[in-house]
Amino acid sequence: MPLLKNNQFVNDEWTKVSDTDALPEGAKIIVTSTRLIQDWDLLAKYTGLLGVSLANNERAEILTPYLSQLSLIVLSFPAYTDGRAYSQAKDLRLDGYRGELRAEGNLLLDQFQFMHQVGFDSFEVNERFALQQWQAASKQMSLAYQRGLYRTSGEREVWSQRHQGFAPWEEQPHAG
Amino acid sequence: MYRYDEFDHQFVSERTAQFRDQANRRMSGELTEDEFRPLRLMNGLYLQLHAYMLRVAIPYGTLSGKQMRQLAYIADKYDRGYGHFTTRQNIQYNWIKLEETADILQALSDVEMHAIQTSGNCIRNVTTDHWAGAAADELLDPRPIGELIRQWSSLHPEFSFLPRKFKFAITGAPHDRAAVKVHDIGLRAHKNDKGETGWEVMVGGGQGRTPMIAVTVRDFLPEKEVIPYMEAIMRVYNLFGRRDNKYKARIKILVHELGAEKFKAEVEAEYAKHPAQTTEVEQRELTRIEKYFAQPSFEKMSRFAPHFENAKRENVDFARWAKNNLATHQVDGYTIVNISLKPEGGIPGDATGEQMRVMATLAERYSFDEMRVSHAQNIVLPHVKLEDTFAIWQVLKANDLAAANYGLIGDIIACPGLDYCALATARSIPIAQAISRKFADVKKQEEYGPVKLNISGCINACGHHHVGHIGILGLDKKGEEFYQITLGGSSSENASIGTILGPGFAAHEVPDAIETILNTYVKLREPGEEFLGAYRRLGPKPFKEALYAAA
Amino acid sequence: MSDVEKGQVMTANRLRDGDAVFLTRAGIWSEKIDDAALVQEPQATAALEARAAEDVKTNHITGQYLIDAERIDGKIRAALTRERIRTLGPSVRTDLGKQATGTAGAFAAVEA
């Protein structure tokens with residue numbers, strides 16, 4: 001699966017490590033949330049970069065104590081109709097997580113902009129679609145009514161535009 | 001009325017262009033049906049028995065003459081000359097072609113309308129009291145907050161793939177005409193001692209397979225907190241609502257399975273988690289919207305309208321219509337005109353393009369260019385001078401729009417049923433027509449007083465049968481249509497779910513069964529007691545006995 | 001004694017306009033159920049399914065499925081009320097749909 005970041009295909013430098021695998025030294029590893037919590041004493045001292053995958057029936061809060069130590073969180077869309085990871089992503093960003101937030105699973109073009117807006121900034125995407133289709137899909141709409149979004153395509157927030165000069169909900173850094 | 005600014009215009013145009021692209025990709029095969037379905041549904045396009053069906057949003061049921069004319073134009077040009085007003089205050093067209101849908105959406109956006117989120121597992125068209133801004137008992141106009149929620153919920157990135165569809169209803173009056181207790185979220189306005197507005201937040205009501213009355217999670221939510229608090233409710237639902245079974249996926253099941261207290265605690269915890277938000281912008285936006293809903297410039301008039309009184313004396317039919325179809329307005333000398341789309345033997349909620357244009361003209365001339373669609377599938381002219389009602393009635397009469405049965409047994413709510421709908425298990429419309437013919441005499445209808453009769457052609461309950469004083473549910477038994485009757489439902493502030501009386505009836509037996517029920521009521525009622533009150537006092541027993549005695 | 005033959009018919013909606021259509025022996029989609037191939041043998045059913053799947057891929061039709069039906073004196077009657085309504089149009093608007101354009105099936109939605 002190609003990895004898409006900043007609207008470009010990039011190499012995936014991260015390795016998934018199962019709950020029973022030994023930890024490779026000094027790498028970029030993705031562990032499950034279960035292992036993260038169970039093996040925290042060990043992982044806290046890990047020499048490489050730490051990422052975690054959170055199943056979409058788990059609460060994002062379980063990661064709260066670890067957020068500052070994490071460089072990647074992977075959330076999943078087992079079906080494109082299963083929208084739980086949008087709220088997990090939003091929760092994590094509201095909790096102050098600033099690292100890479102990756103979407104995996106059944107990602108389609110027409111949900112791509114939504115994923116950006118709730119805070120995802122990397123995507124394991126389907127080979128069916130070409131790069132320029134993903135690029136176009138990330139900016140289908142140039143406006144959003146909601147505030148406090150990640151706006152990687154420069155879309156404008158309607159309410160903030162109408163009432164300029166009033167503090168936005170909470171200024172979000174643009175991802176990437 | 002709300003008017004689009006440059007942002008709203010641009011938003012809807014971009015969305016239309018996006019749909020045009022999606023439809024083209026579907027027709028070229030780039031998108032499969034499975035991939036296209038949720039996209040077309042989010043733009044209100046269904047595939048039904050005979051063609052595609054397009055459901056157009058009429059936000060909180062309010063529309064102008066120009067908008068109604070455009071709906072008529074669409075009916076004539078792209079459909080078969082008519083449309084069907086629905087129980088969600090929308091309109092739907094039954095004979096739509098996929099290849100023309102983008103053009104229709106374009107025509108809608110020309111008059112500041114759209115079909116965004118009239119279907120799909122997202123937040124649907126927000127509904128309110130159809131007498132909003134006009135009703136004498138109103139505390140405040142619920143439409144500004146409705147418009148705020150419409151905007152906030154439009155293409156919400158977080159809440160467009162919910163476990164299931166999600167419906168808001170809002171009332172600004174103590175007498176609930178918006179059925180807020182049988183919606184996923186119902187909001188009801190209150191004022192505190194300081195005169196500030198707050199909203200009672202009710203969650204987890206609904207109809208369908210498992211009808212439930214909503215529970216109150218906040219008695220008085222300050223107005224400035226509405227949007228962030230709704231976000232908290234939606235987030236809890238999106239994360240924890242069931243996705244393993246589509247029949248258990250509505251928020252009512254989550255509320256029920258967690259229990260009201262636990263659900264409330266989850267919402268409050270989510271809400272408390274990110275308290276630093278300022279809602280200054282939301283408040284300013286609400287203030288901006290409120291200006292569009294300022295009262296029209298009513299003339300100062302006397303409560304007594306001599307021409308109106310005269311006309312009633314001279315014309316019995318007009319007097320009857322005036323008695324049944326007019327409602328008390330906030331302002332002296334004005335009235336609310338309820339146009340019944342339920343002529344004898346007609347299809348509830350259907351109107352021809354020509355009738356739509358007639359109503360548009362009446363609204364432009366007599367009602368500050370404003371109309372409402374009610375969830376009971378009627379059209380309302382909200383601000384009419386009493387002195388103009390006779391002229392209006394004459395026009396309505398000439399166009400088969402003067403049925404004098406508003407709120408009576410002939411004013412039937414019915415879903416399209418198996419005549420059109422791919423999900424239906426039985427026909428609804430022929431039952432409505434047969435009942436309407438049986439009780440054609442309005443004098444007879446008046447003897448029965450206010451009765452709400454609601455018909456659904458399947459368990460999904462689009463015809464709101466659970467909350468009809470008399471509810472009829474059409475089912476299929478070994479290839480034969482049959483109909484279950486429930487009594488005692490209500491969608492008012494004292495909401496209740498109807499009780500099934502007993503075995504179902506064949507289609508041809510239904511009108512007689514309804515007559516038996518009504519005659520039982522007439523026999524047993526106390527002076528002045530309405531049908532629902534009598535049922536609540538008597539319980540199902542006497543009705544059951546009367547209905548099944550012969551069997 | 002009328003001549004009755006039971007079987008199945010493949011139906012779908014045309015993608016572009018959503019009209020209900022029925023698969024014929026010649027492998028084309030007709031708006032009239034009487035043109036449809038009524039089949040009994042598993043092989044014949046499989047052939048209809050294959051043809052329909054092919055036409056889904058070429059974006060001609062969508063939502064295909066088999067319905068139970070019988071041929072009575074040369075006319076095809078769908079077993080379910082729902083399907084008979086699809087061969088006619090709305091029973092409450094006999095001025096619309098197939099019943100108004102000469103492509104209707106021969107059997108009423110519900111026999112009086």
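Domain bounds here come from an automatic or database domain assignment. Keep that in mind for chain B. One more thing before we start: this is a predicted model.

So, chain B. Its assignment gives four entries: domain 1 at 6-110, domain 2 at 142-292, domain 3 at 306-398 and domain 4 at 413-548. How far apart are the C-alpha centres of domain 2 and domain 3 of chain B? They lie 33 Å apart.

Now the interface. Chain A puts 42 residues in contact with 51 residues of chain B. Together the two chains bury about 4400 Å² between them. Of that area, 58% is on carbon and sulfur atoms.

What about charges? Between chain A and chain B the count is 10 salt bridges. Here is one of them to find on screen. Glu61(A) and Lys273(B) meet through their side chains, with 3.6 Å from N to O. Polar contacts come next. Across this interface there are 28 residue pairs in polar contact, both residues at pLDDT 80 or more.

Which elements of chain A give two or more residues to the side that touches chain B? They are α3 (84-94), α4 (112-118) and α6 (158-162). Helix α3 of chain A gives the most, with seven residues. Sort that side of chain A by class and you get 17 nonpolar, 13 polar and 12 charged residues.

On to the rings. Over all chains, the count comes to 31 aromatic pairs. Look at Tyr86(A) and Phe161(B). Why does the pair join two chains? Because Tyr86(A) lies in helix α3 of chain A, while Phe161(B) lies in the loop between α5 (143-153) and β7 (168-171) of chain B. Remember, α3 of chain A is the element that gives the most to the side touching chain B.

Last stop: salt bridges in the whole structure. One sits inside chain B. Arg177(B) pairs with Asp137(B), and their closest N and O atoms are 2.8 Å apart. Where are the two partners in the chain? Arg177(B) is in the loop between β7 and β8 (185-191). Asp137(B) is in the loop between β6 (127-128) and α5. The two are 40 residues apart, and the pair links distant parts of the chain.

Conventions. Residues numbered from 1 in each chain as written. Chains lettered and ligands numbered in written order. Predicted model: local features only at pLDDT ≥ 70, side-chain atom pairs only at ≥ 80, totals over all residues. Heavy atoms only, no water. Contact = heavy atoms within 4.5 Å. Buried area = accessible area lost by both parts, 1.4 Å probe. Salt bridge = Lys/Arg side-chain N within 4 Å of Asp/Glu carboxyl O. Polar contact = N/O pair within 3.5 Å; in protein donor to acceptor, adjacent residues only side chain to side chain. Helix = DSSP H or I, 4+ residues; strand = E, 2+ residues; numbered from the N terminus. Nonpolar A, V, L, I, M, F, W, Y, C, P; charged D, E, K, R; others polar. Phe/Tyr/Trp six-rings, centres within 6.5 Å; stacked < 30°, edge-to-face > 60°.
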